[in-house]
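Biologist: I would like to learn how to read a model like this one. Please take me through it feature by feature.

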Amino acid sequence: AENIVAQRLAACVNILPQVRSIYHWEGNIESAEESLLLIKSHVDKFDSLQNTIVNIHPYEVPEIISLDIKEGLPSYLNWLSSSIFDKRN
């Protein structure tokens, strides 16, 4: 999370610890305790963000998905963009 924010690939990362995941992997049903990261970024940063996660994540196939922001508090969305793109923040 710190690496991602420091590189300005995201404005903020929320870490939700102790998420229990149950999933299919290599023909088996697996269970794992994981942390879920909610990464607030911009579509223009997605490719770089994805590459960074793939390079530093211990999983062979980390969960990386993108969700469109349809609406939000304008001042929050302005802060998000300025945190990523404005070098003064």
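Biologist: What does the secondary structure of the protein chain come to?
Modeller: Helices (H or I, at least four residues) and strands (E, at least two) are DSSP runs, numbered from the N terminus. Here the protein chain has three helices and two strands. Along the sequence the pattern is α-β-β-α-α.

Biologist: What should I know about the source before going on?
Modeller: This is a predicted model, with residues numbered from 1 along each chain as its sequence is written. Local features need pLDDT of at least 70, side-chain atom pairs count only at pLDDT 80 or more, totals for chains, interfaces and linings use all residues, and side-chain values use heavy atoms, with hydrogens and water left out.

Biologist: How many of the residues in the protein chain are buried?
Modeller: Buried means under 20% relative accessible area, exposed over 50%, and partly exposed in between (1.4 Å probe, protein chains only). Of the 89 residues in the protein chain, 21% are buried. The C-alpha trace spans about 45 × 25 × 20 Å along its principal axes.

Biologist: Where does Gln7 lie, and why does Gln7 count as partly exposed?
Modeller: Gln7 sits in the loop between helix 1 (2–6) and strand 1 (12–25). Gln7 counts as partly exposed because its relative accessibility is 42%. Gln7 and Leu49 are 42 residues apart in sequence, and their C-alpha atoms are 9.3 Å apart.

Biologist: How do I read contacts, and which residues does Lys40 touch?
Modeller: Contact means heavy atoms within 4.5 Å. Take contacts in the protein chain between residues at least 6 apart in sequence: 50% join residues at least 24 apart. Lys40 belongs to strand 2. Leaving out residues up to four places away in sequence, Lys40 touches Ala10, Ala11, Cys12, Asn14, Tyr76, Leu80 and Ile84.

Biologist: What volume does the largest pocket have?
Modeller: On a 1 Å grid over the protein atoms alone, a pocket is an open set of points where a 1.4 Å probe fits, with protein on both sides within 12 Å along at least five of seven lines; lining residues have an atom within 4 Å of a point. Points are joined across faces, edges and corners, and the volume is the space filled by probe spheres set on them. The largest pocket has about 1,300 Å³. Its lining has 37 residues, and the closest to its centre are Leu37, Ile39, Glu63, Ile64 and Ile65.

Biologist: Which element supplies the largest share of that lining?
Modeller: Strand 2 does, with seven residues.
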